[in-house]
Each structure stands twice: as C-alpha cells, then as structure tokens.
Amino acid sequence: MDPTLPDMDIEGWFCQKCNSPLTMVKVNVTYMGASFAVDLPSCANCHTTMIPDFLAFGKMLEVEKLLEDK
Amino acid sequence: MKPEFLEKTESICPVCLKVLSAEIWERGEAVYLERECSEHGPFSTVIWRGKPDFRSWKRPKQPLKVVPQTTKNQGCPYDCGLCPDHGQNPCTVLLEITERCDLNCPVCFANSGGHKDFTPLSDLIDHLHWIKKTQGQIVLQISGGEPTLHPQLPELVEEASKLFPAVQLNTNGLRLASQSGLAKNLAKNGLSWVFLQFDGMSDWVFQALRGQPLISRKMAAVAACEEADLSVVLVPTTAKGLNDRELGPIVNWARSKPIVRGVHIQPMTQTGRNHLIGPEYRMTIPEILKALSDQTDGLLKPEQAFPPGCEHERCSFHLRFRRLDDGQLIPQVPRADDCCCGPGGCPPKFSNEASPPEETDSNRTKAVEIIIKSWGNSGQVNPSEKIKGQESESSDPVNLSQNSNNQGAGNNGSGGGLKLPMAKKKPMSLDDFLAQARKETFSVTGMAFQDSSNMDLARLKGCCVHIFRAPDRLIPFCAMNLTSSSGRYLYRKN
C-alpha cells in the first residue's frame, strides 16, 4: 500500500460489468515513457480498474501537468 | 517552385519605422515578410527557412482584452503600453535596475555600459508593487544593464520573492564568478534561477560577441550557482555563421550539469548596439532546430519542438525532456505507442489551422507555471501551490489528494489519459516519481525576438514578455528595443 495515499474502503464495491467484488491490487501505470506503481481497486475477474477522483484529479493530474508542454 | 502568398499582416519600414501593410510569401525554400515604403522602397526579409513547414507551425489564440495603460492614438507600435489593441498580458515582466554594465558588448540590444546610475532601491520596490498590483502572478526578471552591479540587488530579490512566484536574474555572470558568496546570498533571499548569457564553449565566441574571452568566468559562474543550489538557464545569443555551431556543444554540456535546467536560445537581432548588422547572421526557428538536431546527432529532433501557448506562435519554440542520471534525455511528447489517444498517437496538436483558438489568459497562467517548473530550483515546491499560496488570502487552495470521500467509479477516462496496466520500466511510487520528475526536467527553448527588418505587428500584439518603464508602462520587449536601420530607438533613449 502506498503510504502517501489515503486508505480506500472498497467494501461493497462491485464491478459493473461482471459483478465481481473489487480487490486492491498494485497496478503499474505508464505515461509518456514514465511508469509508477499505484494500489488501486480492481475487478478480480476482468481486471477493470477504478481510478478514484482524488487520485485522478490529485497526483495523477500533477504528473500530467509535470510532463505536458507549454 | 512558384511563389505562394501565405498571409497578410502589418509591418514597419526599417528606415523610418512607419507602419506598412505587409504580406508573407513563400519563395523557393524560404518564407519572406514583404512590404513597401513610399519613401524608402520595398523590403523583403526571410522569416522562416526549412522544416517544420511554415504552414504547420500553428497555434491560434483568441486575443485577450488587456486592461490598457494608454489609449489608441497612432496605433501599434507607437502607443505602448499596454494599449487597447494589445492581445496578451505578460507572463514575464522585466525590471531594468541599471543601465551600467561591466561588459561593452558589440551586440547589446539595450545599449548598456559605462558608469550610468543605479535606480534607488525605494523606487524599485515601488515598481515591484505596481507590477504586482496590475499584473498579478508573473515571472519577474531582474535585468539591466548588468543587474549584479547594483549594490542593493540582494535586498531587491528578497522583496521581489515575497511578491512573485518566481524571480529570474538576467546576467552576464561575471560578478557571480568573482564575488564570493553572491550566488548563495541571492539564493537565500529567494532568487529562483539565473538566466546566464552563455554564447558558446570557447573563448573565441565571447571575444567575437562580447569583446573579451570569458569561458573560464562563465564556468566559474555556473560553479558558484551549483554551490549555492541555484538553478541556471544558459542563454546563447546565436548568429548564423558565427556561433551557430556552438548550439549542440552547449546543450551537450548543459545536460551533463544537473544545476543547468535548460538552454534558451536567442537568435541575434539587429537592435541597439549591434555591429554585426546584416541578414546573413539571422537564424530562423527552423534553422535553429536543424542546427540542434545536426549537432546532437539527432538527439534533439525538430518534430519534438512545439510553438508556444502564451506568446504568438512564431515567437518561440520549446522542447521539453526528462533528464536521467546519465544525461539521457526522454522527450516529453506523447509517443505513438504510449499515447492516451490510442495507436498512432495524438492527432497533430498544433498543425491544424482550423483548430479552435486557445484561450489566451489561461494559457498565460499555464505558461507561468510551466516556466517555473522547467527552470526553477529543483527543491522548489509545486509551482501551482506556490502561485496559489501568493493569491489573495480569501483564495482556498484545494488539496485534491486529501479529498478521499469523493470517489468515482469507472476506468473510462478518469485517469485523464493514463494507460493501464502495462509498465515498461520498473515502476516507483507516485510521490517518488513526482519528486524525481521535478528535478529531472530539462528544456531547450528559444525566443525569436524581432527587429525593424522582420517586425510583424501581429506578433508584437501577442507579446507576453514586457519591459516595465517607470512609472506605469509595460512595453513589449521587441518594441522597447526597436531601432531604425540608423540606430534610432523608438522607446529607449538614444
């Protein structure tokens, strides 16, 4: 678990596509040649992964801004 | 090849500076700005030569309505400024604190030198507050003359750093090299980075452009900044056939020095005190990009370069990289195989003239942030946070990363272009990546300033680099330094 990210309570979350429960897994994210590992809720069956808002509009947005052009 | 008409614009007569209607034509391998003065005849100046194609270098913008300091009287460029016709607020304001200089360069656009006066600190602080009040969050550049000669520079930097998200020092570096502790003192007082005149890697270049051999003193200036943990941007003034072969060596040296965050190339203009007058010295943006590519064995590629979001599209270019420990540069443009837009990569971002004009003021704000993160001290906080922290007390910076109750489902775009779950390199944590990436950015940029022979008033109206002129004027850089072919300034004192 990444200690810099808030705990995510995923109890009761299910995959909309296959109705399997979500579990926390380490996901490797790549963006413009850079890669980083993030613990994210993911469907054990189809591996669809949920990116919570706080991450998408927080650190991931910061990564994008850092790498984008003027 | 048959000549092709490309655009209509406005320009000036290089002799009398009268405003003239002008046309842009492609003739053979080059693109020309053409106009005719009823008194002084026709003028044609090369403004683009080579790849990328002139037609593809587009980034249209919606002109901004500035809060004017003057009224429209004679029209651009006579009513600066800013006048109601100007289309962009500044991302960078230059404050010239003295005309004195310890060099006497044959190519000085500001005609600096000698033992001229220093502006008193109290006046300079008043100027800082006027700039802050009228322009808000900009990058402040302290310039001259040679600003390090001003005896109260450290105090000025301290005051400026309280008001602006970044303070840049434009210097020849000689004092940084010779005066023990100056770089450290300036860094302690809040200087963000040094914009260091740096024309080549050999003494003969400085002899030609600056009148004396300087390479060892330039190296000493960089070493002083390194010791002070003060970021440096190397700024070569580049003239074709003179020091254009130095661009690759400068970039290769710069990327081996972690304290050097970028190289900012300024092709020489025929302004001020320039004894090297003549079209044969002019370098256009594509020629600079080709020289960079040729001299770095293709490490830098013209297709990695983009036009700016803040100023007019033909005023500058930028290439941004992540720099690894071994000096390797990773271009920060989406690759076809690793792109949010799927196989084939992003559609050409700036190559479509029909694309909607971008919103000028938000691009300016973004430009300030990107300048800071590109050139700022590696230990500096996230520029967005610094800018927010200096806004009015009523503003409430939002830390989205703590908004843990607001979760949303789905992987269909929430990540804003992030691709899951493949990784090509050993991944690190997001925080480690962010900390490292802030230190690792390296940029190669250039700004093609204008002079009386290539002045395009559409470009001038889009300018966002302005020089403060007491008590309450902002003059676009290329208007402030504009001189007629006989050397007569439009705005500066002759």
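Reply: Leu17(B) is placed in the loop between strand E1 (4-12) and strand E2 (19-27) of chain B; helices (H or I, at least four residues) and strands (E, at least two) are DSSP runs, numbered from the N terminus. This is a predicted model, in which local features need pLDDT of at least 70, side-chain atom pairs count only at pLDDT 80 or more, and totals for chains, interfaces and linings use all residues. Residues are numbered from 1 along each chain as its sequence is written, while chains are lettered from A and ligands numbered from 1 in the order in which they are written.

The phi angle of Leu17(B) is near 65 degrees, a positive value in a residue that is not glycine. Most residues other than glycine have a negative phi, and most peptide bonds are trans. Leu17(B) counts as buried because it has 20 C-beta neighbours inside 10 Å. The classes are set as follows: 20 or more other C-beta atoms within 10 Å make a residue buried, 12 or fewer make it exposed, and it is partly exposed in between, with C-beta atoms placed from the backbone.

Asp297(B) also has a positive phi, of about 55 degrees, although it is not a glycine. It belongs to the loop between H8 and strand E15 (316-323) of chain B. Asp297(B) has 9 C-beta neighbours inside 10 Å and therefore counts as exposed.

The loop between E5 and strand E6 (92-96) of chain B holds Pro77(B), and Leu82(B) lies in the loop between E5 and E6 as well. Cys76(B) and Pro77(B) are joined by a cis peptide bond with omega about 10 degrees. Another cis peptide bond, with omega about -5 degrees, links Gly81(B) to Leu82(B).

Arg55(B) sits in the loop between strand E4 (41-49) and strand E5 (61-62) of chain B. Its 14 C-beta neighbours inside 10 Å are why Arg55(B) counts as partly exposed. Although Arg55(B) and Leu6(B) are 49 residues apart along the chain, 8.3 Å separates their C-alpha atoms.

Two helix pairs can now be described. The axes of helix H1 (residues 121-135) and helix H2 (residues 153-163) of chain B come within 10 Å and cross at roughly 15 degrees. H1(B) is therefore roughly parallel to H2(B). Axes are lines fitted to C-alpha atoms, for helices over the stretch in contact, and angles run from 0 to 180 degrees between N-to-C directions. Angles under 35 degrees count as roughly parallel, over 145 as roughly antiparallel, 65 to 115 as roughly perpendicular and the rest as oblique. H1(B) and H2(B) make a right-handed crossing; a crossing is right-handed if the near helix is turned clockwise from the far one by less than a right angle, and left-handed if anticlockwise. From H1(B), Leu121(B), Leu124(B), Ile125(B), Leu128(B) and Lys132(B) meet Glu155(B), Leu156(B), Glu159(B), Ala160(B) and Leu163(B) of H2(B). These residues comprise seven nonpolar, no polar and three charged. Here Ala, Val, Leu, Ile, Met, Phe, Trp, Tyr, Cys and Pro count as nonpolar, Asp, Glu, Lys and Arg as charged, and the others, Gly among them, as polar.

Helix H7 (residues 247-254) and helix H8 (residues 285-295) of chain B pack at an angle of about 65 degrees, their axes being 8 Å apart. The crossing of H7(B) and H8(B) is right-handed. Here Leu247(B), Gly248(B) and Val251(B) of H7(B) meet Ala291(B), Leu292(B) and Gln295(B) of H8(B). The residues of this contact divide into four nonpolar, two polar and no charged.

Asp244(B) occupies the loop between strand E12 (237-238) and H7 of chain B. Because it has 23 C-beta neighbours inside 10 Å, Asp244(B) counts as buried. Leaving aside neighbours within four places in sequence, Asp244(B) is in contact with Thr238(B), Ala239(B), Met283(B) and Ala291(B); contact requires C-beta atoms, placed from the backbone, within 7 Å. Asp244(B) and Leu292(B), 48 residues apart in sequence, are 9.1 Å apart from C-alpha to C-alpha.

For chain B as a whole, there are 13 helices and 21 strands, and 47% of its 494 residues count as buried. The mean pLDDT of chain B is 85, with 84% of its residues at 70 or more; pLDDT is the predictor's confidence in each residue, from 0 to 100. Residues 347-354 of chain B have pLDDT below 50, and this stretch has nine contacts in the model beyond near neighbours in sequence. Over residues 391-424 of chain B the pLDDT is also below 50, with 58 such contacts.

Key:
Two residues are in contact if their C-beta atoms, placed from the backbone, lie within 7 Å.
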